Amino acid sequence: GSLARGGWKGRGLGPYRRGGRGERRAGSEKMSDSGESDAASGASTHDEKPAPTPEQVAESDSYKAQANKKFQENHHNEAIELYTKAIELNPGNHILFANRSFAHIKLENYGSALIDATESIELAPSYIKGYFRRGTAYLALGKLKQAKQDFTKAVKIEPKNTDARKKLDEVTKALRQERFSEAIGVDSAPPVVVDPANIEVEASYDGPHLEEGRVTAKFMEDLMEHFKSEKKLHKKYAYMILTQVRDILKAEASLVEVDVPKGEHITVCGDVHGQFYDLCNIFQINGVPSVQNPYLFNGDFVDRGSFGIETIFTLFGFKALYPNHMHLNRGNHETVNMNKMYGFEGEVVHKYARDMMDLFTDAFRWLPLSHTINGKVLVLHGGLFSKDETSLQDLKKIDRHCEPPDDSCPMTELLWSDPINIPGRQQSKRGVGVAFGPDVAERFLKANNLELLVRSHECKDEGYEVDHDGKTITVFSAPNYCDQMGNKGAFIRFEADMKPVYTQFDAVPHPNARPMQYAGMGGFNLMQFLGGN
């Protein structure tokens, strides 16, 4: 999932469409660069660009001030637009590129962030924030060695900068852990086997019980109420559900074919990102899952929101109860690196135990990658592919029980790609996957006898967005994403005719737990980098 509200339309400078950030740390950071004169920013002469006129500098400074304000208001795409205008007037100002890089980081556009941060560094090699931005983008892409190089450079520039040293220490620690895991083969080792039969249920436990090990409709009703009371499912039953669902998913195909006969329907939901109370609101509006009321959730069940455990056990519980009517796609956040950085691993360790995270990882790797509905609608998390030749048959053949490969391959691309409204393909703003235009979508749909592509992966102001002349739909089901974006959520209902019917909804209150509250408890603490200097 991404914070790319309103979508990226491919306008602007180059394939990544460079765009901005307003220098403000979440919470209390002052606008550290807003008072620095852009006319005398200390930038080196880069590519022999002509010096802007005083009038151009003044206008650029005005756009920058507006962009800073938009960033503070969490309107990051609008900030990007304004930083871009400021850069066009004063392209030698390194601060503008660093600011815009940070806005891209906030939107998870790490590819664009790398380009802008590199431009800032080239313009002003001693400007420490350029290294902060680029190091953070590398970190988010799992490139720890490159991140360490940038934070090492930042410390060398300002040896007494405690924030820079703290970031370097954090990356060094993560790199050491990664090397240790590689050395002992953690990734390839089977998950620790926990036998739920050996776990006792204490008399003090007041939550729902699995009768004879089976999930029932009454159990699910009680479980959601138990979670709403901020109580945990007993670990015995948690392991039982997790093991059952892992085995159900293991038996499914990489591409699952779903039929909706005449007189029936299915509801497709996008990212829910650990927003359990909003998930319950979907069921309040549209009914709980059942044989008569099937659902397809399109990935990114966890991370960012701090009720990921409650969310995933609700979804997995319904999967165990209705394996043929509760459908689940894998998202880019059902992966090891994302779970380490964006909070779910820390949440699992905090609420249960680390060996449960190993079992979650195993289950996530068995999640299907895509579904077709009536052979006419393809539902996958991210988007389409770098090659026109990729077909539904190729998706069926994917050996999915792994982490997404680093190279361009259908598995990685379907989890990460995004639509754009200009023809052709471009490099992804995220640094992973591709950006695909309306012609790419049309060719793919036609070649595979499909009518519609439904994907998620991007936050939209209205909860959904229709692109590519109605051929590509984005649906996002986490309203007021991260408690700050102010967006609506949405879901789509399809009947047998495959005509989408949209329902929008607003966020509901939840207990006081900030987004990514558990980041760093079990894995890597990305929060200090995303909100950092």
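This is a predicted model: local features need pLDDT of at least 70, side-chain atom pairs count only at pLDDT 80 or more; totals for chains, interfaces and linings use all residues.
Started with β2: I see it pairing with strand β13 (residues 489-495) in the antiparallel sense, over five bridges.

Next I checked β2 against strand β3 (residues 295-297). Here the pairing is parallel, over three bridges.

How buried is β2 itself? I took buried as under 20% relative accessible area. Five of the five residues in β2 (residues 265-269) are buried, so the strand is largely enclosed by the rest of the structure. Then I looked at which way they point: H265, T267 and C269 go one way, I266 and V268 go the other, and all are buried.

Moved on to helices α10 (residues 276-286) and α11 (residues 308-321). Their axes come within 8 Å and cross at roughly 35°, and the crossing is left-handed. From α10 I find F276, L279 and F283 in contact with E310, T311, T314, L315 and F318 of α11. By class, I get five nonpolar, two polar and one charged residues in that contact.

Last, the record. I checked both spans in the model. Residues 60-93 are 79% helix and 0% strand, with end C-alpha atoms 10 Å apart. For residues 128-161 I also get 79% helix and 0% strand, and the end C-alpha atoms lie 10 Å apart.

Methods. Residues are numbered from 1 along each chain as its sequence is written. Side-chain values use heavy atoms; hydrogens and water are left out. Helices (H or I, at least four residues) and strands (E, at least two) are DSSP runs, numbered from the N terminus. Axes are lines fitted to C-alpha atoms, for helices over the stretch in contact, and angles run from 0 to 180 degrees between N-to-C directions. A crossing is left-handed if the near helix is turned anticlockwise from the far one by less than a right angle, and right-handed if clockwise. Contact means heavy atoms within 4.5 Å. Ala, Val, Leu, Ile, Met, Phe, Trp, Tyr, Cys and Pro count as nonpolar, Asp, Glu, Lys and Arg as charged, and the others, Gly among them, as polar. Buried means under 20% relative accessible area, exposed over 50%, partly exposed in between (1.4 Å probe, protein chains only). Two strands pair if DSSP finds at least two bridges between them.
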